[in-house]
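Trainee: Please take me through this model one feature at a time, giving me the general idea before the particular case.

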Amino acid sequence: MAKMGENTISGVQKAAILLIALGPEKSSMIFKHLKEDEIEELTLEIANTRSITPQLKDDVINEFYEICLAQQYIAEGGIGYAKELLEKALGADKAMDVIGKLTASLQVKPFEFVRKADASQILNFIQDEHPQTIALILSYLAPSQSSMILSALPPDRQADVAKRIATMDRTSPDVIKEVERVLETQLSSLVNQDYTTIGGVDAVVEILNTVDRGTEKHIMETLEIEDPELADEIRRKMFVFEDILLLDDRAIQRVLRDVENSDLAIALKGSTEQVQNAIFNNLSKRLAAMIQEDMEFMGPVRMKDVEEAQQKIVNIIRKLEDSAEIIISRGGGDEIVV
């Protein structure tokens with residue numbers, strides 16, 4: 001664990017922040033050099049990353065640069081040489097800190113997952129627990145979270161919890177694990193669904209749309225087992241109805257063979273003119289005219305119905321891609337056929 005400003009974050013969290021800052025193209029290149037379990041862990045961390053302040057992002061990038069610099073110096077002349085150069089560049093304390101990080105093992109503290117939740121969310125789940133349980137949880141949270149929760153407790157419980165924190169000495173690992181398990185179960189739905197425009201599902205989608213098909217397939221199959229709801233949300237965003245423009249004419253024609261005409265008419269009712277033209281150009285003139293006529297005579301259509309019809313077609317596209325009957329050009333080089 002390393003401290004940056006008021007936030008205490010793990011190495012995995014810092015790695016996720018770095019990948020988000022680097023962007024999907026560079027991140028996908030890094031993914032190619034990681035082990036499968038590392039890719040899975042980072043993918044989940046990126047998906048659950050909350051908003052990142054500019055200062056935190058800069059701190060992570062600077063730390064990464066300093067560690068890379070230290071590794072380069074060590075490779076050139078050993079630890080002593082690296083220490084001497086880093087002391088000149090960063091000062092004695094900072095130099096030792098950077099070199100120490102190269103050999104330090106990652107230690108994950110209990111209740112690490114709770115740090116992704118807002119203090120108000122945590123309060124809702126623990127305020128009725130026994131004061132000793134509350135004290136145990138607050139002991140492991142960031143001071144900023146603990147202080148907000150402690151302040152929000154009823155006045156008659158605040159001193160009791162504070163006293164228990166102060167007098168807490170040793171706690172059985174089994175007790176900690178059980179409290180962790182219960183709290184994680186209660187918080188999981190909130191934590192996993194609380195995405196932001198920085199990081200979150202959109203960041204994972206961008207990266208997965210850039211990596212090779214094999215890596216993407218492995219990650220998604222693993223997520224299906226570990227977190228089906230998250231996997232489903234990622235899949236929905238990885239290919240939307242408008243992405244049918246990524247298909248060539250032959251693929252579109254193959255997809256349309258499995259689509260009901262009624263679903264197609266409703267789906268096109270809420271699509272762009274560009275998508276409509278791509279579809280109509282791959283239908284016979286007679287069928288295209290019939291679909292257009294259906295669209296005109298059906299009148300206004302609820303957006304919910306349009307989305308459901310479009311989703312049916314997207315599901316057909318995914319099924320055909322999985323069976324290798326069509327290929328989606330994702331820009332990652334895996335669309336090349338030899």
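Mentor: Let us start with Arg-254, which at 14% relative accessibility counts as buried, where buried means under 20% relative accessible area, exposed over 50%, and partly exposed in between (1.4 Å probe, protein chains only). This is a predicted model, in which local features need pLDDT of at least 70 and side-chain atom pairs count only at pLDDT 80 or more, whereas totals for chains, interfaces and linings use all residues. Residues are numbered from 1 along each chain as its sequence is written, and side-chain values use heavy atoms, with hydrogens and water left out.

Trainee: Which residues are linked with Arg-254 in a network of salt bridges?

Mentor: A salt bridge here is a side-chain nitrogen of Lys or Arg within 4 Å of a carboxyl oxygen of Asp or Glu, and by this rule the count comes to five. Arg-254 is joined with Asp-258 and Glu-325 in one network. Asp-258 meets Arg-254 at 3.2 Å, N to O, and Asp-258 itself is partly exposed, at 39% relative accessibility. In the pair formed by Glu-325 and Arg-254, the closest N and O atoms are 2.9 Å apart. Because Glu-325 lies in the segment after H18 and Arg-254 in helix H14, this pair ties together parts that are 71 residues apart in sequence; helices are DSSP runs (H or I, at least four residues), numbered from the N terminus. Glu-325, with a relative accessible area of 44%, is partly exposed.

Trainee: Which parts does the pair of Lys-312 and Asp-263 tie together?

Mentor: The side chains of Lys-312 and Asp-263 form a salt bridge at 3.6 Å, N to O. Lys-312 belongs to helix H18 and Asp-263 to helix H15, so the pair connects parts that are 49 residues apart in sequence. As for cover, Lys-312 is partly exposed at 46% relative accessibility, whereas Asp-263 is buried, with a relative accessible area of 13%.

Trainee: How many residues does the largest nonpolar core have, and which of them have the most contacts inside it?

Mentor: In soluble globular proteins, nonpolar side chains tend to be buried together. A nonpolar core is a set of buried Ala, Val, Leu, Ile, Met, Phe, Trp, Tyr and Cys residues joined through side-chain atoms within 4.5 Å. The largest one in this model has 29 residues, and those with the most contacts inside it are Leu-247, Val-255, Leu-264, Leu-268, Ile-279 and Ile-317. Helices H14 (249-256), H15 (261-269), H16 (273-280), H17 (285-297) and H18 (303-322) each supply at least two residues of this core, and H18 gives the most, with six residues.

Trainee: Which residues gather in a patch of negative charge on the surface?

Mentor: Patches of this kind are made of residues with over 30% relative accessible area and no salt bridge, like charges being joined within 9 Å. The negative patch on this surface brings together Glu-36, Asp-37, Glu-38 and Glu-41, and Asp-37 has its place in helix H3 (residues 36-47).

Trainee: What separation is found between the C-alpha atoms of Met-96 and Leu-86?

Mentor: Met-96 sits in helix H5 (residues 92-103) and is partly exposed, with a relative accessible area of 43%. Its C-alpha atom and that of Leu-86, 10 residues apart along the chain, are separated by 8.4 Å.

How values were computed. Patch = residues over 30% accessible without salt bridge, like charges linked within 9 Å, V, L, I, M, F, W, Y side chains within 5 Å. Areas by Shrake-Rupley, 256 points an atom, 1.4 Å probe, with all protein chains shown as cover. Lys, Arg positive; Asp, Glu negative; His and termini not counted. Charge placed at Lys NZ, Arg CZ, Asp CG, Glu CD.
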